[in-house]
Each structure stands twice: as C-alpha cells, then as structure tokens.
Amino acid sequence: MTAPRTPRKAFGRLSLPERTYVADALRTETVGGVLLLVAAVTALVWANVPALQDSYESVSHFHFGPEALGLNLSVAHWAADGLLAIFFFVAGIELKRELVAGDLKDPKAAALPVVAALCGMAAPALVYTITSSAGGGSLAGWAVPTATDIAFALAVLAVIGTSLPSALRAFLLTLAVVDDLFAILIIAVFFTESLNFAALGGAVVGLAVFWLLLRRGVRGWYVYVPLGLVIWALMYNSGVHATIAGVAMGLMLRCHTREGERHSPGEHIEHLVRPLSAGLAVPLFALFSAGVSLSGGALADVFTRPETLGVVLGLVVGKTLGIFGGTWLTARFTRASLSDDLAWADVFAVATLAGIGFTVSLLIGELAFEDDAALTAEVKAAVLTGSLVAALLATVLLKVRNAKYRRMTEAEERDEDLSGVPDIYEQDDPAYHLRVAAIYERKAAEHRRIAEEMESARLAEVPGGAGDEGSGPA
C-alpha cells in the first residue's frame with residue numbers, strides 16, 4: 001500500500017542552494033532598485049525645474065552614432081534600445097536558469113508562478129481595455145500595465161525595511177522572470193511593424209555563430225562582446241526590437257554545472273553582468289525615460305483621460321487581482337496549499353507590490369504611442385502614478401505584517417551551532433544535534449560553576465557579624 005501524498009506547500013521553505021541564489025540576486029536587484037529610484041527622481045526634477053528643462057530635452061534628443069549603419073540615435077533611444085539590451089540579456093539568463101535549475105524546472109512547482117504571471121498580465125490588459133473603451137480612448141496601450149519591475153519593487157522593500165520571508169521574495173523574483181518572458185514576447189509580436197529580412201537573417205546567423213562558439217567552449221570577452229554588438233545592430237535594423245537580441249543570447253548560455261564546476265557559465269556571466277545592468281543600464285534608461293511634466297494639469301489628466309486612467313487602474317487593480325486570483329486558483333484546484341507560516345493577506349500584499357511597473361512599462365508605452373509624443377508623456381506619467389500608488393498600498397499592507405515577517409526571518413537565519421548553515425536546514429542531521437548538545441552542556445557547566453561560586457561566597461559570609469568579639473549581649 002502506498003503512503004498518502006502530502007499536499008505541496010506553496011511559498012514553502014526554499015532549498016539552501018536556491019535560498020542562497022535568491023539572496024544574492026535580490027541583494028544586487030535591491031541596490032539597483034535604489035539607484036533606479038534615484039535616477040527616476042533625478043529625471044523628474046531635471047525635467048520639471050524651469051531652469052533645467054531645456055537642458056534635459058537637449059541631452060535626451062542629442063543624436064550620435066554611425067549614420068551609415070542606421071545607428072545615428074538620440075541619447076534616449078540609445079538608452080531604450082541599447083542599454084536595455086543588457087537588462088534583457090540578464091533576464092534571458094535568469095529565465096534559462098529557472099528553466100533548467102530553478103522553480104520552473106519542475107512543472108508542478110512552475111504552475112504557481114506561471115499561472116500567477118499569466119493572470120497578472122491578462123487582468124491589467126483587460127482592465128485597460130475596458131477602461132479605455134468605456135471612455136472612447138485608444139486600445140494601443142493595452143500592454144503598458146502588464147509588466148512588473150522587480151528592481152523597483154525590491155527597492156521599495158529596501159526603503160521600508162520589510163523583512164519579507166525568502167519564499168515570498170523568491171515568488172516575486174520568479175514571477176518577474178516569467179513576466180519578463182511574456183513582456184518580451186509582447187514586444188516581439190505586437191510591436192514589430194515591418195521587417196528587414198536581410199538584417200534579420202544576419203542577426204540569426206550571428207546568433208548561430210554565438211551558439212556554436214559557446215558549444216565549442218570558446219572563451220574570452222573579446223570574442224563575444226564584439227559579436228554581441230554586431231547581433232544587436234543587425235537586430236535593431238531588422239525592425240525587431242533590439243532588446244530581443246539580448247534575450248536570445250542570454251537563453252543560449254549554459255546554466256547547469258558539469259563535473260568540476262562550482263558555477264555554470266551562465267551563472268558566472270550573470271554575476272559579472274548583473275551589476276552593470278542593475279547599476280548602470282536600467283538607471284540610465286530611467287533617467288532619460290521618466291522625465292515627464294508633473295504639473296497639476298498633467299496629473300489631473302492622468303485620472304480623466306481614458307488611456308492614462310486605464311494604465312493606472314491596470315497597474316493598481318489589474319495586477320493585484322490578477323496575481324492574487326491566479327495564485328488562489330492554483331492553490332484551489334491543485335494539491336498545493338499555502339505555507340503554515342503565511343496568510344492570504346501576505347500573498348495579496350505581494351500581488352499589490354507587483355503593480356509597480358516601471359522599466360518595461362515605460363518602454364512599452366514609448367512603443368505603443370511612438371507617433372503621439374503628448375500621449376506618450378501622459379502615459380509615462382500614468383505609469384509613474386500607478387507605480388507610486390501600488391508602492392504606497394503595498395507598504396501599508398506589508399507594514400501591518402512586518403512583526404510576523406521579522407520572526408520568520410529570524411527563524412530562517414538562526415545558526416546556534418555556528419556551522420554557517422541555518423539551523424532550519426540541519427534538523428535531520430545527527431551531527432547538528434550533537435553540536436547543539438555540546439554547546440548547551442558547556443553553557444550548563446558554566447552556569448553550575450557560577451552557581452557554586454556564588455553559593456560558596458554566600459556561606460563564607462557571617463550574618464550579623466556573629467563571629468566578632470564583643471558582639472554578644474552585655
């Protein structure tokens with residue numbers, strides 16, 4: 001007779017290697033998110049202070065690059081198409097790693113973040129479509145509120161100091177990876193108007209050479225960086241958004257270890273490139289994309305124009321209901337159940353946090369309304385407004401449960417035997433219990449010694465000076 005299957009816990013404790021990877025990845029993303037916040041604020045100040053407005057426009061629209069290669073682009077264009085290719089390259093590596101070694105490797109474990117991400121993209125698109133249609137607005141921006149900005153979301157966590165448990169952080173990270181995948185597909189499918197098949201063929205040949213060099217074990221940045229630039233330039237000229245080149249190259253890297261390797265090539269390259277992406281590429285994109293007018297009239301228009309209202313409601317309402325609903329449905333109709341340490345209120349708070357759509361939302365907003373500069377600026381303001389509202393709501397919800405999170409995090413971090421491995425991962429190891437027993441035995445011996453010394457000192461005292469001469473009654 002087979003033993004009954006125990007329900008799988010959603011948001012359960014991560015394995016130690018996965019927990020270590022998530023901690024390292026989120027640490028970099030959090031620092032990058034803080035830089036992203038700084039860049040966004042700088043852009044808003046630069047674009048709204050009267051004495052600086054003209055210089056912001058001049059710098060953003062300054063063109064440079066080889067005209068003969070079709071690459072004489074503005075600074076803002078280089079940031080969106082060039083620097084963001086680095087961001088999507090890292091996203092491609094993350095996705096590949098999740099598929100071969102992370103949560104997405106196991107179809108049962110992958111169901112939760114995949115369904116949550118799909119619902120978290122479909123619901124905002126539906127909310128935007130309904131809102132914009134009801135007001136007679138354009139449906140071109142349906143994809144704007146579908147993306148989650150993981151760096152910005154983690155920056156909010158860093159600022160408010162919330163000790164979110166590693167399982168929820170991992171869910172947010174995996175959710176964002178899947179979200180990025182579908183955002184990439186949306187950009188490739190819906191925002192490619194015309195194709196230059198010669199350039200596209202050249203890009204495909206370049207990717208084939210890239211793949212072949214990787215399989216042959218060729219090493220050296222001086223080989224891959226120039227090749228990557230050529231592939232990017234060909235992809236840009238093909239009509240397909242140039243960031244797709246970054247994703248494709250990231251997906252080609254090997255992300256599983258072989259005998260004798262501590263880290264796979266993909267993990268090694270991601271470790272090298274992620275700081276460049278989070279610390280330079282994304283903040284510079286934000287600097288030249290977030291500079292929109294925030295006058296009273298512009299902010300009022302965000303809530304009155306159907307396109308911009310659709311973006312705000314899509315991020316704040318659509319994202320929250322989509323991700324929470326997708327997670328609940330997965331738990332309801334599969335064997336997965338919520339971890340005993342968490343409540344559905346925690347999932348709702350994280351779903352609200354995922355409503356922070358910044359980097360990719362700004363990019364899609366530029367692509368969706370590229371022929372209408374005024375509407376593009378208003379949609380950017382709507383993205384900023386919706387992200388801010390989502391951040392504030394998530395902050396309130398997470399703060400309510402902060403004490404609970406802190407206790408959970410302390411339990412995850414406790415290392416009584418000083419082995420360097422959290423105790424929660426050593427409960428099935430007899431050596432751990434022997435080490436802890438030895439520690440407590442030493443503590444018990446020390447307390448007995450102190451007690452004996454105190455008792456000896458007490459007995460050595462003579463109460464009332466009874467042993468002194470002449471102290472008796474007269």
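Helices (H or I, at least four residues) and strands (E, at least two) are DSSP runs, numbered from the N terminus. By that rule the protein chain has 17 helices and four strands. L253 lies between two of these elements, in the loop that joins helix 9 (243-252) to helix 10.

Some ground rules come next. This is a predicted model, in which local features need pLDDT of at least 70 and side-chain atom pairs count only at pLDDT 80 or more, while totals for chains, interfaces and linings use all residues. Residues are numbered from 1 along each chain as its sequence is written, and side-chain values use heavy atoms, with hydrogens and water left out.

Start with the chain as a whole. Buried means under 20% relative accessible area, exposed means over 50%, and partly exposed is in between (1.4 Å probe, protein chains only). Buried residues make up 47% of the 474 residues in the protein chain. Contact means heavy atoms within 4.5 Å. Take the contacts between residues at least 6 apart in sequence: 77% of them join residues at least 24 apart.

Now return to L253. Its relative accessible area is 2%, so L253 is buried. Neighbours up to four places away in sequence aside, L253 touches F89, I93, K96, L214, G266 and I269. W211 is 42 residues from L253 along the chain, and their C-alpha atoms are separated by 8.1 Å.

Next, look at a pair of helices. Two packed helices are described by the angle between their axes and the distance between the axes. Axes here are lines fitted to C-alpha atoms, for helices over the stretch in contact, and angles run from 0 to 180 degrees between N-to-C directions. The axes of helix 3 (residues 75-100) and helix 10 (residues 265-289) come within 8 Å and cross at roughly 150 degrees. The crossing of helix 3 with helix 10 is left-handed; that term applies if the near helix is turned anticlockwise from the far one by less than a right angle, and right-handed applies if clockwise. The contact of helix 3 with helix 10 has 19 nonpolar, two polar and five charged residues. Ala, Val, Leu, Ile, Met, Phe, Trp, Tyr, Cys and Pro count as nonpolar, Asp, Glu, Lys and Arg as charged, and the others, Gly among them, as polar.

S277 is found in helix 10. S277 counts as buried because its relative accessibility is 4%. With residues up to four places away in sequence not counted, S277 touches I86, F87, V90, V282 and P283. From S277 to F88 is 189 residues in sequence, but 8.8 Å in space, C-alpha to C-alpha.

Move to the strands. S74 lies in strand 3 (residues 73-74). S74 is buried, with a relative accessible area of 10%. S74 touches S60, H61, F62 and H63, again not counting residues up to four places away in sequence. G70 sits in the loop between strand 2 (63-64) and strand 3. At a relative accessible area of 29%, G70 is partly exposed. Its neighbours within four places in sequence aside, G70 is in contact with Y236 and N237. G70 and N237 are 167 residues apart along the chain, with their C-alpha atoms separated by 6.9 Å.

Which helix is largely enclosed by the rest of the structure? Helix 13 (residues 344-353) is, because seven of its 10 residues are buried. Those buried in helix 13 are D346, V347, A349, V350, A351, T352 and L353.

Two other helices can be checked by length. The expected span of a helix is 1.5 Å times one less than its number of residues. Helix 17 (residues 430-460) has 31 residues and should span 45 Å; its end C-alpha atoms are 45 Å apart, which agrees. Y432, V436 and I439 are buried in helix 17. Helix 4 (residues 107-134) has 28 residues and should span 40 Å; its end C-alpha atoms are 39 Å apart, which agrees. G136 follows helix 4 and has a positive phi, near 75 degrees.

Finish with the cysteines. A disulfide is a covalent bond between the sulfur atoms of two cysteines. The cut-off here is a pair of cysteine sulfur atoms within 2.5 Å. The structure holds zero disulfides. C119 counts as partly exposed at 24% relative accessibility, while C255 is buried, with a relative accessible area of 4%.
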